[in-house]
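Dear colleague,

Please find below the structure that I am handing over to you. My notes on it come after the display.

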Amino acid sequence: MTDATVPPAAARAPLSPGAARRRILMRRLWRHRSFRLGAVILLVIVLMALAAPLLSNGEPTKMNLRARFAPPSADFIFGADNFGRDIFTRVLYGARISLWIGFASAMLAAAGGALVGLASAWYRRLDGVIMRIMDALLAFPAILLAIGINAALGPQVSSVIIALAAAYVPRMARIVRAAALVVRELDYVDAARVSGASAGRIIFRHILPNCLAPLIVSLTFVFAYAILAEAALSFLGIGPPPPQPSWGNIIAEGRDYSVEAWWIMLFPGLAISLAALGTNLLGDGLRDVLDPRLKIEA
Amino acid sequence: MPRLIAFRIAQAIPVMFVVAVLTFLLMHMLPGDPATLIAGDMADQDAIAQVRRDLGLDRPVLAQLWLWITNLAQGDFGKSLMLNQPVAEAVWERLPVTLSLALVAFVITIPVGIVLGVVAAVWRDTWVDSAVMFLALIGVSVPNFWIAILSVILFSVTLGWLPSSGYVPMGTDFWRWLASLIQPATVLALFQIGYLARMTRSAMLDVLDQDYIRTARAKGVSPRKTILKHAFRNTLMQVVTVSGYILSLLIGGSVVIEQIFAMPGIGRLLVQAIMARDYPVVQGTMLMLGFAFVFINIVIDLIYAYVDPRVRYD
Amino acid sequence: MLQVENLSVDFRVDSGWIRSVDEVSFALDAQSTLGIVGESGSGKSVTALSILRLHARRNTRMTGRIVFDGEDLLAMPERRLHEMRGRDIAMIFQDPMHSLNPVLTIGDQIGETLRIHQGLNRAAAEKAAAGLLDMVRIPDAKRRVTDFPHQLSGGMRQRVMIAMAIACRPRLLIADEPTTALDVTVQAQILDLLRDLREEIGMAVILISHDLGLVAEFAERVLVMYAGELVEDAPARNIFEAPAHPYSEGLLKAIPSADVDMHRLYAIPGRIPDPGDRPPGCNFAPRCALAQPACSATPPALDTLAPGHRIRCPVRLAAREPAA
């Protein structure tokens with residue numbers, strides 16, 4: 001019913017079927033209220049992070065002992081911390097690290113999950129072993145897995161990314177495997193196989209594209225989780241090390257002064273919440289439009 | 001049913017084996033030489049060699065793995081360096097704290113999350129739905145350690161209603177036990193409440209679309225009873241399947257919450273061990289938690305099998 | 001007993017409202033049988049669901065009147081409607097696999113109708129449920145009441161649905177494609193059962209199906225629907241022997257039968273127009289062999305061809321009318 005009313009004009013427009021479908025999808029996405037709101041929020045945050053040198057004093061680690069614990073004012077709109085560092089500057093620069101960690105680990109998790117899931121769906125003999133390993137990893141909540149891996153790798157940005165990615169690979173692998181198993185049985189895959197296409201070609205040209213919708217949806221939710229998890233790791237002292245600011249470690253440093261100098265921990269927390277909120281809104285929209293049968297986030 | 005239990009346990013054994021191998025490998029990914037780290041910065045070559053021999057690190061990896069597995073089979077999870085105590089004992093001592101915290105949070109999460117989800121589904125596309133779903137979205141977007149700090153400032157520092165930290169064992173005084181848990185458990189539950197409310201809503205909407213709901217309406221069943229009897233039971237079935245996941249996440253989340261409220265639980269032990277580079281404790285704790293999660297999944301599967309007639313009678 | 005007057009049903013979609021049923025009127029006497037036929041998308045099931053107001057209220061708009069025993073079902077308060085559903089008017093559905101609640105026993109589901117409308121307690125309702133299972137010819141009924149739906153075959157489940165529907169001896173039973181999802185042999189059994197129960201209880205039956213043969217065999221009167229409109233309303237015998245509307249003709253030709261060459265099974269060319277994209281004139285014109293230029297210009301009206309026989313086809317009406 002709903003599909004029948006998707007503007008017929010778009011379908012008749014002289015476009016390739018793929019491009020027409022993409023246009024219809026984009027239009028439906030943009031009509032989705034939470035997608036629009038989430039996209040705008042995220043875009044603003046990303047732009048502010050990119051423009052950090054222009055918007056702030058450009059020196060997130062510069063101390064200024066005379067400004068110690070300066071409350072929010074015209075000079076320090078988010079206030080200053082125990083070293084007199086400008087919180088606004090630190091939050092903007094922290095966004096760069098936090099968003100990068102979230103983005104990189106979500107992408108890495110998606111890539112790893114896609115590889116594992118596709119391998120498991122295609123090479124049925126590997127499936128048993130791979131899925132048992134994934135089950136074992138899935139038994140752990142992602143945050144604990146990330147803590148464990150990060151404890152082994154040591155506190156650096158790269159190890160946080162690897163730890164978070166590894167923690168979310170099993171979930172992604174499951175989603176891709178389930179989608180791939182369905183596609184695998186379709187006629188055109190058989191046709192490709194009969195016509196002598198190589199396994200790699202079939203997997204990446206025919207199967208993977210059909211697993212993209214659920215993969216993109218869960219990628220979005222993993223991005224939100226990764227931002228929250230990075231903050232938690234930093235807060236526990238096993239994230240990216242100070243003095244480079246990340247949203248999590250600004251809160252951790254401000255915690256001791258949370259009563260007297262509440263602004264130190266308040267603003268980075270708001271930033272995390274807003275980023276996660278925007279991403280979740282975006283993910284809800286993507287799920288509704290791309291993959292309505294996907295019950296809930298990864 | 002007994003056959004199902006046996007089957008599920010048999011299925012869990014390879015998973016537990018993989019968990020054990022993975023935790024072993026995790027600690028062997030360590031950059032550098034664990035013996036040097038464990039012996040400490042001040043140790044000389046002899047001391048390091050001694051540590052290496054004590055831990056069996058001078059042997060081939062496979063032999064070490066074999067030792068690790070055989071020790072586990074005998075209930076030996078390793079020995080803590082900082083506490084000078086077996087890991088199993090250290091974890092066991094702290095188990096009641098983490099379990100109390102996670103279970104109280106669980107008891108808060110399940111009814112609140114379900115009710116919110118059902119309410120949103122029943123009044124779908126109205127302001128009630130929007131309001132509830134907005135709250136749920138906030139729940140899954142706000143970092144809980146940050147909320148915890150804000151909550152302490154409000155309820156403990158400013159209002160003085162609740163203790164800001166510490167844990168009172170249930171045996172000492174039930175009410176003080178509950179008072180010490182209510183704030184951390186509620187904060188811990190917020191994310192899961194949001195998650196569960198979102199899941200319940202979509203499960204309920206799915207159920208409300210089913211043909212058997214139309215059948216019930218065609219029979220003249222009132223809207224209230226259609227929801228409470230026909231739709232709710234089927235929704236609950238799907239909630240059971242994620243409840244194990246939720247409990248696991250609550251245990252995982254307690255690592256952070258215990259840190260903020262200075263509660264002497266397993267999570268705190270884990271973080272202290274990481275800071276002190278007490279690798280046997282990190283390894284042993286992860287492993288025991290892994291076993292616990294596998295166990296939770298088995299229990300949930302069995303509960304599901306019991307409540308769903310389609311599984312129960314097969 | 002039942003008069004449907006100018007019933008229209010609209011559904012809300014992304015871009016507005018689309019009309020699913022367009023100004024349908026018909027009447028039904030007590031204890032009589034009526035068939036409604038059409039392809040999927042013709043609006044026949046939507047019409048049936050409208051009688052009990054079973055559409056989701058938030059995205060449906062219904063206009064017109066549906067009068068049952070002097071009361072307008074579309075105008076009555078929800079509460080009154082709940083009293084009538086299952087007691088005076090009952091309904092069975094197409095897909096017995098999904099129409100029963102998987103977590104409740106069939107005894108509970110059948111007994112529920114009686115508990116609601118006749119105030120029976122649980123034990124009495126369960127006992128009555130066993131009796132009803134017997135009535136729909138389910139063997140070993142007493143033991144079956146504690147079964148769950150997944151333990152029964154499709155045909156059995158449809159019998160359970162029927163038992164549920166006749167529990168309060170309704171005066172009208174609406175059967176929406178009751179045999180479509182079943183094997184051919186089971187189909188015949190279910191129809192026989194419906195026929196017998198109709199006599200036994202003395203209820204009127206509306207049978208909805210895409211199969212004109214099946215409907216003509218079961219019902220005294222047949223309505224043919226196309227693209228939301230009534231295109232022919234006639235006694236079953238007329239429709240079967242001499243269908244007047246070209247669409248009915250096509251439906252009849254499409255029925256496979258023993259004396260027709262099975263290799264050349266007829267299918268009406270083209271397909272039913274989308275509800276949002278209907279032609280300006282007669283809905284059927286694009287697929288019609290008789291279509292003339294005028295057909296695509298103005299929508300035709302439903303008109304009397306002979307006493308008790310209405311069609312919506314100016315070409316056929318003109319041909320049969322004596323030149324005046």
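Predicted model: local features only at pLDDT ≥ 70, side-chain atom pairs only at ≥ 80, totals over all residues.

Residues are numbered from 1 along each chain as its sequence is written, chains are lettered from A and ligands numbered from 1 in the order in which they are written, and side-chain values use heavy atoms, with hydrogens and water left out.

Cavities

Searching the whole structure gives 4 cavities of 30 Å³ or more. A cavity is a set of points, on a 1 Å grid over the protein atoms alone, where a 1.4 Å probe fits but cannot get out; its lining residues have an atom within 4 Å of a point. Grid points are joined across faces, edges and corners, and a volume is the space filled by probe spheres set on the points.

The largest cavity has a volume of about 440 Å³. Its lining has 23 residues, and those closest to the centre are Ile143(A), Tyr225(A), Phe191(B), Gln192(B) and Leu249(B). At least two lining residues each come from helix 7 (142-153), helix 8 (157-184) and helix 10 (199-236) of chain A, and from helix 7 (144-158), helix 8 (174-208) and helix 10 (223-260) of chain B. Helices (H or I, at least four residues) and strands (E, at least two) are DSSP runs, numbered from the N terminus. Helix 10 of chain B gives the largest share of this lining, 5 residues. By class, the lining comprises 18 nonpolar, 4 polar and 1 charged residues. Here Ala, Val, Leu, Ile, Met, Phe, Trp, Tyr, Cys and Pro count as nonpolar, Asp, Glu, Lys and Arg as charged, and the others, Gly among them, as polar.

The second largest cavity holds about 90 Å³ of space. Of its 13 lining residues, Cys282(C), Cys288(C), Cys295(C), Cys313(C) and Pro314(C) lie nearest the centre. This lining divides into 11 nonpolar, 1 polar and 1 charged.

Chain A

Chain A has 12 helices and 0 strands, and its C-alpha atoms fill a box of roughly 75 × 50 × 30 Å along the principal axes. An unreviewed UniProt entry lists "transmembrane region" for several spans of chain A, including residues 35-55 and 261-283; UniProt positions are given in the numbering used here, feature names are shortened, and annotations may be inferred rather than shown by experiment. Residues 35-55 of chain A are 95% helix and 0% strand, with end C-alpha atoms 27 Å apart. For residues 261-283 of chain A, the values are 91% helix, 0% strand and 35 Å.

Chain B

The unreviewed UniProt entry places "domain: ABC transmembrane type-1" at residues 95-304 of chain B. That span is 84% helix and 0% strand, and its end C-alpha atoms lie 26 Å apart. Residues 281-307 of chain B, one of the spans that UniProt annotates as "transmembrane region" (unreviewed entry), are 100% helix and 0% strand, with end C-alpha atoms 39 Å apart.

Chain C

The axes of helix 4 (residues 122-135) and helix 6 (residues 154-166) of chain C come within 9 Å and cross at roughly 120°. Axes are lines fitted to C-alpha atoms, for helices over the stretch in contact, and angles run from 0 to 180 degrees between N-to-C directions.

Kind regards

Definitions and conventions. 1 Å grid on protein atoms, 1.4 Å probe; cavity = no way out; pocket = protein on both sides within 12 Å on 5 of 7 lines; lining within 4 Å.
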